[in-house]
Amino acid sequence: MPNQQEGNAMTRRCYECGGVLSAKHQDYRYTECGLQNVTLKNLAVYVCDGCEAEVPEIPNIGNLHRTIAIDLLAKRTLLCGEEVKFLRKMARLTGAQLAQLMGVTSTQVSKWENNKRPMSASSDRVLRLICYAGVLERLLKIDSGLKAEMATAAFKVPSLDIRDLLKRIEGKSRGPKKVMIDPSELANLGGDIPEDPGVVTVQ
């Protein structure tokens with residue numbers, strides 16, 4: 001039995017050797033999620049007094065994985081293979097499904113995930129937007145085709161970058177933001193977005 005009653009307390013037993021597990025709080029490298037560089041701070045970890053096996057007590061895995069995903073989506077450098085794979089799974093996409101949304105082959109996705117071919121900055125941007133949409137669908141418990149719509153938007157608007165959208169807003173006001181746009185560059189964005197007469201006024 002992994003757990004046994006001893007007096008009024010529940011004693012946890014090791015699944016491997018049956019030894020007693022003692023709890024301690026420590027920083028824990030959470031490689032079980034498929035990522036090598038995730039550390040959970042001050043986590044309750046049960047250590048066996050016999051074989052020294054470690055059993056972490058991971059709370060609220062759903063929220064934990066979403067938090068990891070959002071942190072990866074905001075990464076300022078290109079994603080590596082294990083990060084691509086983690087985000088794809090968080091978006092509930094197979095390699096073939098992701099490839100179809102991105103307009104590449106399944107082999108290409110596999111090479112990204114196995115670090116056999118680096119992603120281009122453009123592919124990295126599109127993948128993040130698709131996976132962000134997938135994370136939102138999971139959070140809202142919907143399957144609305146948001147991933148496909150986000151992929152379409154990503155190809156039409158090259159400046160759309162989830163890293164910019166996920167930047168934290170400072171908790172202070174500095175007045176209105178200065179916006180400078182060269183109208184001649186708008187034609188390169190693609191799409192056919194009608195003007196809103198209530199917002200855009202041509203004088």
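Leaving aside neighbours within four places in sequence, Arg-88 is in contact with Leu-93, Thr-94, Gly-95, Leu-98, Glu-113 and Cys-131, where contact means heavy atoms within 4.5 Å. Arg-88 lies in helix 2. With a relative accessibility of 10%, Arg-88 counts as buried; buried means under 20% relative accessible area, exposed over 50% and partly exposed in between, using a 1.4 Å probe and protein chains only.

This is a predicted model, in which local features need pLDDT of at least 70 and side-chain atom pairs count only at pLDDT 80 or more, while totals for chains, interfaces and linings use all residues. Residues are numbered from 1 along each chain as its sequence is written, and side-chain values use heavy atoms, with hydrogens and water left out.

The protein chain contains 7 helices and 5 strands. Helices (H or I, at least four residues) and strands (E, at least two) are DSSP runs, numbered from the N terminus. Read from the N terminus, the order of elements is β-β-β-β-β-α-α-α-α-α-α-α. Of the 203 residues in the protein chain, 31% are buried. Among contacts with a separation of 6 or more, 51% are between residues 24 or more positions apart.

Axes are lines fitted to C-alpha atoms, for helices over the stretch in contact, and angles run from 0 to 180 degrees between N-to-C directions.

| Helix pair | Angle | Axis separation |
|---|---|---|
| Helix 1 (residues 61–73) and helix 2 | about 125° | 10 Å |
| Helix 2 (residues 81–90) and helix 5 (residues 121–140) | about 40° | 8 Å |

In the contact with helix 5, Val-84, Leu-87, Arg-88, Lys-89 and Met-90 of helix 2 meet Leu-127, Cys-131, Gly-134, Val-135 and Arg-138. By class, this contact of helix 2 with helix 5 has 6 nonpolar, 1 polar and 3 charged residues. Ala, Val, Leu, Ile, Met, Phe, Trp, Tyr, Cys and Pro count as nonpolar, Asp, Glu, Lys and Arg as charged, and the others, Gly among them, as polar.

On the helix 1 side, His-65, Arg-66, Ile-68, Ala-69, Leu-72 and Leu-73 meet Glu-83, Phe-86, Leu-87 and Met-90 of helix 2. The residues of the contact of helix 1 with helix 2 comprise 7 nonpolar, 1 polar and 2 charged.

Cysteines are also present in the model. Cys-33 is buried at 13% relative accessible area, and Cys-48 is buried at 2% relative accessibility. A search of the whole structure finds 0 disulfides, a disulfide being a pair of cysteine sulfur atoms within 2.5 Å.
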